[in-house]
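I opened this chain today to write down, entry by entry, what I looked up and what each term meant when I used it.

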Amino acid sequence: MHHENAQPYLQIRNLTKKFGEFIALKDISIDIIENEFVCFLGPSGCGKTTLLRVIAGLDIQTYGSIIQAGKDISSLPPSERDFGIVFQSYALFPNLTITRNVAVGLENVGMPAPKVQHRVDELLELVGLVDQKDKYPAQLSGGQQQRVALARAMAISPGLLLLDEPLSALDAKVRSRLRHEIKELQRKFAVTTIMVTHDQEEALTMADRIVVMDNGIIEQVGKPEEIYRSPKTKFVADFVGTMNFLSATIVSNGTAKVGDVVLTCDTEDLPVGSSVMVAIRPEEINARNITNSDSNIVQIEVLHIEFLGSFCRVKLGGGDLKDVSLRADFSISLTRLLSIKVGLKLKVSLPSKLIRIYLTD
């Protein structure tokens, strides 16, 4: 899917956007490959929506350039840029039928009526709404309205599809179904797509690559597994997924001390005495058949259990870690096997290969 040598479809170079004194985007550069599905992910106010709006020409950057399909579009108005957009509010025309909603853009570019009809039918077929075509938006569910908005955005076959938090107005069940649908449609349309979201699960399940943003800068760009498995910064580690952070001090090259426990881990050549955060994901803490060959064995006590359906999140503390606590995720079968209950003392291992280290801010 990802061709390292392919000419990028969208090249964003040194993009900076100021609103008065406030710097919303600071020197952003990124390449997006043709037909790629990219998510801009971050908390509200991180700059992701501004970046999308600048790509669309709805906001104009203070400096920097945007090249789309080899053409510099940096100063073109939105009407001269090649994109379709879906906002979180869908913005469908309430007084027009579904057919008319999808046809609007095509009529605006002067397509003859018979061709418009054919194209609209084709699009409604693709999004599975042919049988609803004479209804009005208010008669459709949120998920159906979302699909109409997608069909409308794709009507003029844009080179770029921009999605601004397209699923945030929907409830969880519909959202997870639509994630899959939008991804399928994106493949069918074979369109380069950028989606803005603050929902990490959405980004992890949908994106080919994720661009994690904070405070107007890009913290990390990578495939979902990379972002989750190897977060480059403490911000990414904290924002994507759940992470345990333990205050520690580097005691030698390859060991860090938390409470009374000396953990072996990759200390990345940081000087002895450095204050760091030792980070490990809850699902990476191992409590099954611990033997002396396991690394970083810790004696610990169960403080609290939270049942989360397919697994239990267990709060561990005391013992070797003193007043430091850890969250561990144990499968239901392991929870039963170990008879996990509050007050139980057990041994866990924090595998040294899975520990990451971040400098304390």
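This is a predicted model: local features need pLDDT of at least 70, side-chain atom pairs count only at pLDDT 80 or more; totals for chains, interfaces and linings use all residues.

**Entry 1: the cores**

I looked up the largest nonpolar core and found that it has 44 residues, of which V102 and L163 touch the most other members. Helix α4 gives the most to this core, with six residues. I noted that a nonpolar core is a set of buried Ala, Val, Leu, Ile, Met, Phe, Trp, Tyr and Cys residues joined through side-chain atoms within 4.5 Å, and that buried means under 20% relative accessible area, exposed over 50%, and partly exposed in between, with a 1.4 Å probe and protein chains only.

I then listed what L163 touches, not counting residues up to four places away in sequence: F37, L52, V86, L150, I182, T193, I194, M195 and V196. Contact here means heavy atoms within 4.5 Å.

Residues are numbered from 1 along each chain as its sequence is written, and side-chain values use heavy atoms, with hydrogens and water left out.

**Entry 2: the chain as a whole**

I recorded nine helices and 19 strands in the protein chain, where helices (H or I, at least four residues) and strands (E, at least two) are DSSP runs numbered from the N terminus. Of the 361 residues in the protein chain, 49% are buried. The C-alpha atoms fill a box of roughly 75 × 45 × 40 Å, taken along the principal axes.

**Entry 3: the sheet**

I traced an open sheet of six strands with mixed pairing, in the order β6-β7-β8-β3-β9-β10. Its edge strands are β6 (83-86) and β10 (217-222), each of which pairs on one side only; two strands pair if DSSP finds at least two bridges between them. Strand β7 (residues 160-164) and β6 pair in the parallel sense over four bridges, and I85 stands opposite L162 in β7. Helix α4 (residues 142-154) packs on the sheet and touches β6 and β7, with its direction at about 165 degrees to that of β6. For such values, axes are lines fitted to C-alpha atoms, for helices over the stretch in contact, and angles run from 0 to 180 degrees between N-to-C directions.

**Entry 4: two helices**

How do the axes of α4 and helix α5 (residues 172-189) cross? I found that they come within 11 Å and cross at roughly 20 degrees. The two helices α4 and α5 are therefore roughly parallel to each other, a term used for angles under 35 degrees. The contact is made by G143, Q146, R147, L150 and M154 of α4 and by V174, L178, E181, I182, L185 and F189 of α5.

**Entry 5: two positive phi values**

Last, I checked two residues other than glycine that have a positive phi: for E165 the value is near 45 degrees, and for K322 it is near 55 degrees. E165 is found in the loop between β7 and α5, and E165 is buried, with a relative accessible area of 9%. K322 has its place in the loop between β16 (311-317) and β17 (326-331), and K322 is partly exposed, with a relative accessible area of 46%.

Methods:
Angles under 35 degrees count as roughly parallel, over 145 as roughly antiparallel, 65 to 115 as roughly perpendicular and the rest as oblique.
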